[in-house]
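Please look over the chain shown here. The briefing below covers its confidence, packing and charge pairs.

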Amino acid sequence: MEQKSWADRGQLLKLETSEDHDPTGCVGVSRLGSAQIAADLFTIWIQLRGAAWVEAKEGKFRLHPGQWIAFEKDSRPLMQADRHGLCIGLSLSAEALRKLSRFADCGLYAGRGRMSRHEALISLRLWREAGRRLAEPDAREDLSALRPLLLHLASLQGEMSDRISRCPGRSRSRKRQVFGRLQRARLYLEGNCDRVVRISELAELTSFSSWYFSRTFYGLYDESPQAAAARMRLEHAAALLRDTSMMVGEVAAASGFDNCCSFARAFRARFGESATRYRSGQQLARTDSAKSSGAVRKAAIFAGT
């Protein structure tokens, strides 16, 4: 079993399983390093610095500092850090998940979210400690070295997993199973904001009928899959307007809209203003923020003199 695997400065880390090798453990990528999860491993990643690009069965994602993302065992993500990026993670095989469930009544689910700087620092400390302890022979079998990190990661998903009770099913395990499938479908929508996703795709991904999937999705998230997909695509468009120099027409196409007119109507309905005005407002806000920060720094320097 690997205790810690790392890819730095253009290196490629490839995690695979075999009869005598279990890649469960701490993983990380930094400074143009990349990791290819070629095995059936549940993975969860935390972006600490810079950015990272992720491509998996659920789609394409970009991670910024303070964000985390988790993938199911057959997702097989490819992680790529940018030149300043630092991303740490945990890989868990099916056997490791089974062993860990004995002493930690908590689950990890596919999904995406944010954490505070304090939570990120705790994650880094626990990740380092887990890697150190996994190097000890006694920790290789019972995996107890991973317990603190596992519990912390589960707590990051606390608000998300509070919805489990709303899932259909007579037993807790069945509710968790349904929740895990729907979380994966929701992540799939986030990863495919550049196009229109069909309900049949999501039903196939979750192994539910289209009717059952739509009904359960609405009961869990208080919005239909179609409404969630439209909202995510418009939020994706807003991010492109805010963070890139793409033309409005290019943003519309990159967000899955057939023409600029339909995009303009949908964007105005969502944000209350046109895409052009939204971009101008965001640029003005950044300029004012930069001026304010500069004034604060000058005041501090003057006070120090």
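The points that follow are grouped by topic.

This is a predicted model. The chain averages a pLDDT of 90. It holds 11 aromatic pairs, and the count of salt bridges comes to 17. The largest nonpolar core has 50 residues.

**Confidence**

- Of the residues, 89% score at least 70 in pLDDT.
- Confidence is highest in strand β6 (residues 52-56), at a mean of 98.
- Helix α3 (residues 139-142) has the lowest confidence, at a mean of 62.
- Where pLDDT is low, predicted coordinates should not be read in detail.

**Nonpolar cores**

- In the largest core, of 50 residues, the members with the most contacts inside it are Trp-68, Leu-146, Leu-153, Leu-189, Leu-202 and Phe-213.
- Leu-153 touches Ile-44, Ile-46, Leu-90 and Leu-108, leaving aside residues up to four places away in sequence.
- In soluble globular proteins, nonpolar side chains tend to be buried together.

- Gln-47 belongs to strand β5 (residues 42-49).
- Its relative accessible area is 0%, so Gln-47 counts as buried.
- Leaving aside residues up to four places away in sequence, Gln-47 touches Ala-52, Leu-63, His-64, Pro-65, Gly-66, Gln-67, Gly-85, Leu-86 and Cys-87.

**Aromatic pairs and cluster**

- The structure holds 11 aromatic pairs. One of them joins Phe-263 and Phe-267, with ring centres 5.6 Å apart and 50 degrees between the planes. This pair is tilted.
- Phe-263 and Phe-267 are 4 residues apart in helix α11 (residues 260-271), so about one helical turn separates them.
- Both Phe-263 and Phe-267 are buried.
- Phe-267 also pairs with Tyr-278, at 5.4 Å between ring centres. Their planes stand at 75 degrees, so this pair is edge-to-face; the cut-off for that class is over 60 degrees.
- The pair of Phe-267 and Tyr-278 links distant parts of the chain. Phe-267 lies in helix α11, Tyr-278 in helix α12 (residues 275-304), and they are 11 residues apart.
- Tyr-278 is buried, as is Phe-267.
- One aromatic cluster is formed by Phe-257, Phe-263, Phe-267, Phe-271 and Tyr-278.

**Charges over rings**

- The charged end of Arg-233 sits over the ring of Phe-257, 4.4 Å from its centre. Phe-257 is also a member of the aromatic cluster.
- Arg-186 lies over the face of Tyr-221, 4.8 Å from the ring centre.

**Salt bridges**

- Side chains of opposite charge can pair when their charged atoms come close. By the rule applied here, there are 17 salt bridges.
- Asp-8 and Arg-31 meet through their side chains in a salt bridge, at 2.6 Å from N to O.
- That pair links distant parts of the chain, 23 residues apart. Asp-8 is in strand β1 (residues 4-8). Arg-31 is in the loop between β3 (25-30) and β4 (34-37).
- Asp-8 has a relative accessible area of 15%, so it is buried. Arg-31 is at 32%, so it counts as partly exposed. The cut-off for buried is under 20%.
- Arg-98 forms a salt bridge with Glu-95, and their closest N and O atoms are 2.2 Å apart.
- Arg-98 and Glu-95 both lie in helix α1 (residues 94-100), 3 residues apart, about one turn of the helix.
- Arg-98 is partly exposed, at 40% relative accessible area. Glu-95 is partly exposed too, at 35%.
- Arg-132 forms a salt bridge with Glu-129, with 2.5 Å between the closest N and O atoms.
- Arg-132 and Glu-129 both lie in helix α2 (residues 117-134), 3 residues apart, about one turn of the helix.
- Arg-132 has 47% relative accessibility and counts as partly exposed. Glu-129, at 34%, also counts as partly exposed.
- Salt bridges link Lys-57, Glu-58, Asp-74 and Arg-184 in a network.

Methods
Residues are numbered from 1 along each chain as its sequence is written. This is a predicted model: local features need pLDDT of at least 70, side-chain atom pairs count only at pLDDT 80 or more; totals for chains, interfaces and linings use all residues. Side-chain values use heavy atoms; hydrogens and water are left out. Rings of Phe, Tyr and Trp (its six-membered ring) pair if their centres lie within 6.5 Å; planes under 30 degrees apart count as stacked, over 60 as edge-to-face and the rest as tilted. Helices (H or I, at least four residues) and strands (E, at least two) are DSSP runs, numbered from the N terminus. Buried means under 20% relative accessible area, exposed over 50%, partly exposed in between (1.4 Å probe, protein chains only). A charge sits over a ring if NZ of Lys or CZ of Arg is within 6 Å of the ring centre and within 35 degrees of the ring normal. A nonpolar core is a set of buried Ala, Val, Leu, Ile, Met, Phe, Trp, Tyr and Cys residues joined through side-chain atoms within 4.5 Å. Contact means heavy atoms within 4.5 Å. A salt bridge is a side-chain nitrogen of Lys or Arg within 4 Å of a carboxyl oxygen of Asp or Glu. pLDDT is the predictor's confidence in each residue, from 0 to 100.
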